[in-house]
Amino acid sequence: MSNTFTQYPADVVFLSPTLSGGLGKVTIKLAETMFDRGFSVEIWVLNNNDQTAVNNKVLIRSVPGRRASSALFTLSKMLQKRKPLNVLSASFHINCITI
């Protein structure tokens, strides 16, 4: 476990449609806590308009597409290429794509 952005693959990737609202706040808190415990963590977000609440400890990657359906192929390619060890998602539509 390492706290560097260059670790490949990441220990944990959080998938979120947005970083605003309750889901985004919980995702950020979980990611920061796991980072503090020594995991390499990334947040992949579809609607990347609100980064103000995110600490610069956690790498944020934008997934092209504002909706899960339009991000299907891009997200699939990102998962195949980066091969994260663990993927956590709390959104029904993103869960369907991830599986």
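In what order do the elements of the protein chain run from the N terminus on? The answer is β-α-β-β-α-β-α, which comes to three helices and four strands. Here helices (H or I, at least four residues) and strands (E, at least two) are DSSP runs, numbered from the N terminus.

This is a predicted model, where local features need pLDDT of at least 70, side-chain atom pairs count only at pLDDT 80 or more, and totals for chains, interfaces and linings use all residues. Residues are numbered from 1 along each chain as its sequence is written, and side-chain values use heavy atoms, with hydrogens and water left out.

Four strands form an open sheet in the order 3-2-1-4, with parallel pairing; two strands pair if DSSP finds at least two bridges between them. Strand 3 and strand 4 are the edge strands, each pairing on one side only. Strand 2 is joined to strand 3 by four bridges, and W44 has R61 in strand 3 as its bridge partner.

| Helix | Strand | Angle |
|---|---|---|
| Helix 1 (residues 21-36) | strand 1 (12-18) | about 165 degrees |
| Helix 2 (residues 72-82) | strand 2 | about 165 degrees |

Such angles run from 0 to 180 degrees between N-to-C directions, with axes fitted to C-alpha atoms, for helices over the stretch in contact (heavy atoms within 4.5 Å). Helix 1 lies across strand 1 and strand 2, while helix 2 touches strand 1, strand 2, strand 3 and strand 4.

Finally, 39% of the 99 residues count as buried, meaning under 20% relative accessible area with a 1.4 Å probe, protein chains only.

Technical notes: Buried means under 20% relative accessible area, exposed over 50%, partly exposed in between (1.4 Å probe, protein chains only).
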